[in-house]
Number of protein chains: 2
Amino acid sequence: MNHITGIRQEKYVNPEELEQYIGREIYLKGSIYKIRRMKGFAFVLVRTARKIIQCIYVPEEAGFLLSVIREECCCKIYARVEAEERSRTGYELHLLDVHVLSEPKEISPVVINGKQMNTSIENLLNYRPVTLRNEKERAIFRIQNGITDAIRSFLGSQRFTEIHSPKIVFAGAEGGANIFRLDYFGKEAYLAQSPQFYKQMMVGVYERVFEIGPVFRAEKHDTSRHLNEYTSVDFEMGYIENFEEIMEMETEMLKHVMEHLKEDYVYESELLGIKIPEIKGIPTIHFREAKKWIEKKCHRPIKDMDDFEPEEEKLLCKLIQEQTGSEFVFVTHYPSSKRPFYAMDDPQKSEETLSFDLLFRGMEVTTGGQRIHGYDEQVKKIKERGMDLEAFESYLMMHRYGMPPHGGLGMGLERLTCKLLDKENVRHTTLFPRDINRLLP
Amino acid sequence: MNHITGIRQEKYVNPEELEQYIGREIYLKGSIYKIRRMKGFAFVLVRTARKIIQCIYVPEEAGFLLSVIREECCCKIYARVEAEERSRTGYELHLLDVHVLSEPKEISPVVINGKQMNTSIENLLNYRPVTLRNEKERAIFRIQNGITDAIRSFLGSQRFTEIHSPKIVFAGAEGGANIFRLDYFGKEAYLAQSPQFYKQMMVGVYERVFEIGPVFRAEKHDTSRHLNEYTSVDFEMGYIENFEEIMEMETEMLKHVMEHLKEDYVYESELLGIKIPEIKGIPTIHFREAKKWIEKKCHRPIKDMDDFEPEEEKLLCKLIQEQTGSEFVFVTHYPSSKRPFYAMDDPQKSEETLSFDLLFRGMEVTTGGQRIHGYDEQVKKIKERGMDLEAFESYLMMHRYGMPPHGGLGMGLERLTCKLLDKENVRHTTLFPRDINRLLP
């Protein structure tokens, strides 16, 4: 009987450690990203897991014909690492031999190995499995992975427990509209619009919890900032003294994210030419103050006193940045009428909630606030809104048997990435976007 | 304008660091887990994020009446930490004062503060938001969090990139049956049965990827090991030389998981009385050999030569453990007829696949194998199976434009936890299970 004892020593080098092998011959795996034929030699760019490696093909030293390889071939490569001052990395690889593992059947109809993806967003998304092979496209989702890694390590350090809540649910957190329905063995079920109910329940168990997972919104919006499925970063914390504590936790978390990116994602940040924000502090402004300020400063009459128009969010961010230098701003105390039934009203002013949005470079990226933890108070608000109390029976179980004061937030991962990378459309920072017209690939 | 600068110094101590405060008075937050009245004093157990803290109420030293608190009250506590040899932790807290933040409306109909949850699995699940407050119940999902943390840190160290693939999809990886359907703006869509297609596509981008997320199976099984929604740990790796490399990676990953639990989850492991397996190596056995071996050793006629019955999986694990001491076993080379269309057949023997299952303590916890990476080969197999080629157009895009040899696996997180904890039913290790009869809470 054979035994598998674990991973073995690789004969292939880690492409991120090539500078350690200068002057030596090495084995490498990767796919041919680009071949540039020059006079008497060729540049061969090899795509590895994270980096594109520049190789030189010189017929006199290579033991193979250049015609053996073409773009998107997957290969094992034998090469000599040589110091090269003119290269940005300080070295380049001289190809000695190559073994082709697989070849493409066809050449991609969209050019994927240019400096930029020079195509429409439609094409970019239609050919996602190949367009993501472009070095800049894929760098976006490495950055995104850096964001989630930093969030997890930060929340772990703050004694949050990660949970996995169900996505097929009985009732939607946000109520009836904008919800996907499905047949669940003859019963009607829904896709979760957020892990709201479950993360609150789990505050009664672990005090602090978080989840990073998919949420589903059947909204018919067709805008550059809406998607019908996205990744939500949710956290919820118990025993808060006030709702500022939630904003404090988010501020600290974002600081940690930016530090992590600055430290470990220099390669991707430079490739994408992004400016990672310096977060010293995030200003807060009361929702009503913000409305009035925008009206006054931008000579823009208020249409809806209870909500922001997207343009107002942009203007507010501009004003805040001018005044404070911050690219983030917390807007607090949203009107009760615009917040869900579980939002806690301000005891001083019941038409306002102890809630906030976080705006970043002109777009809302987070919604959060304190929740109602008392049973009677929650029942009263459900009834006042004319909602069906019975539908919330299992949700109300936690209030009935005791809950600490608590609150939390939900942050759109793709939106945060979008603004961080200064992209125009959230689809650019979504791996395989789902919108009203798109279900493929 | 106010600025939020980050989290502030807490006046409340971290309950996991109480031994540092022996001889001192401290503030603590938590909920009253249990009150045991004794002659002239009382034991008050306080539930904090991770641990239950034993406190003593002595009327002479406490500045409040015991009647002020009751079980499931959420409190701020002022107490003196005293060394106490008879306590398992070496200390206990003497209550000096208490401030009740919230009270339960009612007493839970199921007793949640016993040593064990002494109720039916039905009740356990019906009252999940409160039964999870039991110290042993919640320890299960702390362990589960330890498993996912260890998996992520291990795969990160092996240069895997974490991805978030869509759950609303156009076609199901496993084909037509057992799939949840939904209306997607007038089109028929499905819930993803696995991230299979997407993780393969992403191998063409990052070489190695993983995802930990929900998957959905509309199976009508009503057994102790099936759920209709569960958390799948999926990884996929490119440039493999053979399918053993996938098993090697999983073995190393599981070693890492067990080490992590042994190091950081002693509290939960002792509470649950679990024995964390020592993984030195995992034996492998060919599927057909295994069938014959079970038949011979257990005098059990083979009913289906192409598949295991659950009882056979149990017997095989028993035999393997007797012979090798291992609680895990890889069964390899499953028949092609039982594997999906993307499984790579053994070039030596086309009726067998380069695939495996991992069995652990009698149950399958992982399915994996090498995939077809060549376009022509994949098209041929789809056609041979009479499947609709057009439905796989965007999937086949990756094969068409070039893919490295690759393979991967999917592991059921709840099943792994179930067997690790020696539970009878996978529902015990699922936070909020979804089965053919259960959609709530």
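In this predicted model, E211(B) stands opposite D234(B) in β12(B). This pair belongs to the antiparallel pairing of β11(B) with strand β12 (residues 229-238) of chain B, which runs over nine bridges.

**Strand β11 of chain B**

- Strand β11 covers residues 208-216 of chain B, and nine of its nine residues are buried, so the strand is largely enclosed by the rest of the structure.
- Strand β7 (residues 161-162) of chain B also pairs with β11(B), running parallel to it and joined by two bridges.
- Within β11(B), V209(B) is the bridge partner of T161(B).

**An exposed loop residue in chain B**

- E17(B) sits in the loop between β1 (2-4) and β2 (25-37) of chain B.
- E17(B) is exposed, because 9 other C-beta atoms lie within 10 Å and the cut-off for exposed is 12 or fewer.
- From E17(B) to E219(B) the separation is 202 residues in sequence and 47 Å in space, C-alpha to C-alpha.

**Positive phi angles in chain A**

- E72(A), a residue other than glycine, has a positive phi, near 75°.
- The loop between β4 (52-57) and β5 (74-83) of chain A holds E72(A).
- E72(A) counts as buried because it has 26 C-beta neighbours inside 10 Å, where 20 or more are required.
- Y239(A), also a residue other than glycine, has a positive phi near 60°.
- Y239(A) is placed in the loop between β12 (229-238) and α5 (244-264) of chain A.
- Y239(A) has 22 C-beta neighbours inside 10 Å and therefore counts as buried.

- In chain A, the peptide bond from L440(A) to P441(A) is cis, and its omega is near -10°.
- P441(A) belongs to the segment after α11 (413-420) of chain A.
- In chain B, the bond from L440(B) to P441(B) is cis, with omega near -10°.
- P441(B) is located in the segment after α11 (413-420) of chain B.

**Domains of chain A**

- The domain assignment divides out domain 1 (15-102) and domain 2 (135-429) in chain A.
- Between the C-alpha centres of domain 1 and domain 2 of chain A the distance is 46 Å.

Definitions and conventions:
Residues numbered from 1 in each chain as written. Chains lettered and ligands numbered in written order. Predicted model: local features only at pLDDT ≥ 70, side-chain atom pairs only at ≥ 80, totals over all residues. Domains from an automatic or database assignment. Helix = DSSP H or I, 4+ residues; strand = E, 2+ residues; numbered from the N terminus. Pairing = 2+ DSSP bridges.
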